[in-house]
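The model is a predicted one.

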Amino acid sequence: MIFDAHIHIFPDRLAGKALENLSGICHSPYFTDGTLSGTLDALKDWEIDGGICMHIATKPKQQTSVNNFAAEIQKGNLFCFGSVHPDAPDALEELQRMKELGLKGVKLHPDYQDFFVNDPKLFPIYDAASSLELPITFHTGWDPYSPDVVHAPPEEMAKVADEFPRLTIIAAHLGGLNRWDETEQYLAGKENVYFDTAMCSRYGTPEQTLRLIRKHGSSRVLFGSDCPWSKSSEEKNFLESLPLTSGELEAILYQNAAELLRLSR
Ligand SMILES: [Zn+2]
């Protein structure tokens, strides 16, 4: 089994426009049409068996519809993380509702949602997610949406991990996109933190990626691509090109995600 733990899918009526918009912001091509059916077809072509789809509420009022869509498309081997907006007055109630909907976690994007990860206004959300046992995936490190301000630097993410030991954090992009040395210094090795490997083939080097995986521990690294912004197959080939043991590779490609999602093995 191979699970891609960092996928984006949009409602059919929004997908075309969303991809055009985001592609302009990120100066990035895209490799699916962004819809559910288009993504499932692409994953099949790339020989990926399932994964986790990340949803982001970019406005406070969006969180309900975003989570309803996430719940609607979650089936089979496709699992979804919903989202709350830190400025939504009902963010904590929405977390409870997400749990009831069966969503598997929360995605927060500090750049698109305009917050710093260690801002105390987020702390009630971290507490609630810990109690509900909902892991939180953060975009960490640099982002082309706000290239001059890093909202989730590894050092601040590490403080959150220490302050909220019961919170399971997934620090996307190997703990901090383009902030590899800081990730290694501050965040790698934290017990309650997973890294995903999204975009490593585009932004990282084989040496850095291997070093960070080993320093953090391969039992807490999830294979992810950031599809449609990268092809799952290319990200997988990149991982397979590293001198990892077959056990490490199996853990990263599937077992760690299965344990996180509590799937039977
Ligand atoms: Zn992403």
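Q: Which residues of helix 9 are buried, and what makes them line one face of the helix?
A: In helix 9, which spans residues 206-216, the buried residues are T209, L210, L212, I213 and H216. Viewed down the axis of helix 9, these buried residues fall within an arc of 165°, and therefore they line one face of the helix.

Q: What do the buried residues of helix 9 pack against?
A: Their partners include helix 7 (180-187), helix 10 (232-240) and helix 11 (246-260). Strand 7 (193-196) and strand 8 (221-222) are also among them. Just after helix 9, G217 has a positive phi of about 110°.

Q: What makes strand 7 and strand 8 a pair?
A: Two strands pair if at least two bridges are found between them. Strand 7 and strand 8 are joined over two bridges, so they pair, and the sense is parallel. F195 has V221 in strand 8 as its bridge partner.

Q: Why are strand 1 and strand 8 called edge strands?
A: Eight strands form an open sheet in the order 1-2-3-4-5-6-7-8, with parallel pairing. Strand 1 (3-7) and strand 8 each pair on one side only.

Q: Why does H173 count as buried?
A: Buried means under 20% relative accessible area. H173 has 2% relative accessibility, and so it counts as buried.

Q: Where is H173, in the loop between which elements, and what does H173 touch?
A: H173 lies in the loop between strand 6 (169-171) and helix 7. Among the residues that H173 touches are H6, H139, W180, D196 and D226. A polar atom of the H173 side chain lies 2.9 Å from the backbone oxygen of A198.

Methods: Residues are numbered from 1 along each chain as its sequence is written. This is a predicted model: local features need pLDDT of at least 70, side-chain atom pairs count only at pLDDT 80 or more; totals for chains, interfaces and linings use all residues. Side-chain values use heavy atoms; hydrogens and water are left out. Buried means under 20% relative accessible area, exposed over 50%, partly exposed in between (1.4 Å probe, protein chains only). Helices (H or I, at least four residues) and strands (E, at least two) are DSSP runs, numbered from the N terminus. The arc is that of the directions from the helix axis to the C-beta atoms. Contact means heavy atoms within 4.5 Å. A polar contact is a pair of N or O atoms within 3.5 Å; within protein, one must be able to donate a hydrogen and the other to accept it, and residues adjacent in sequence count only if both atoms are side-chain atoms. Lists of a residue's contacts leave out its neighbours within four places in sequence.
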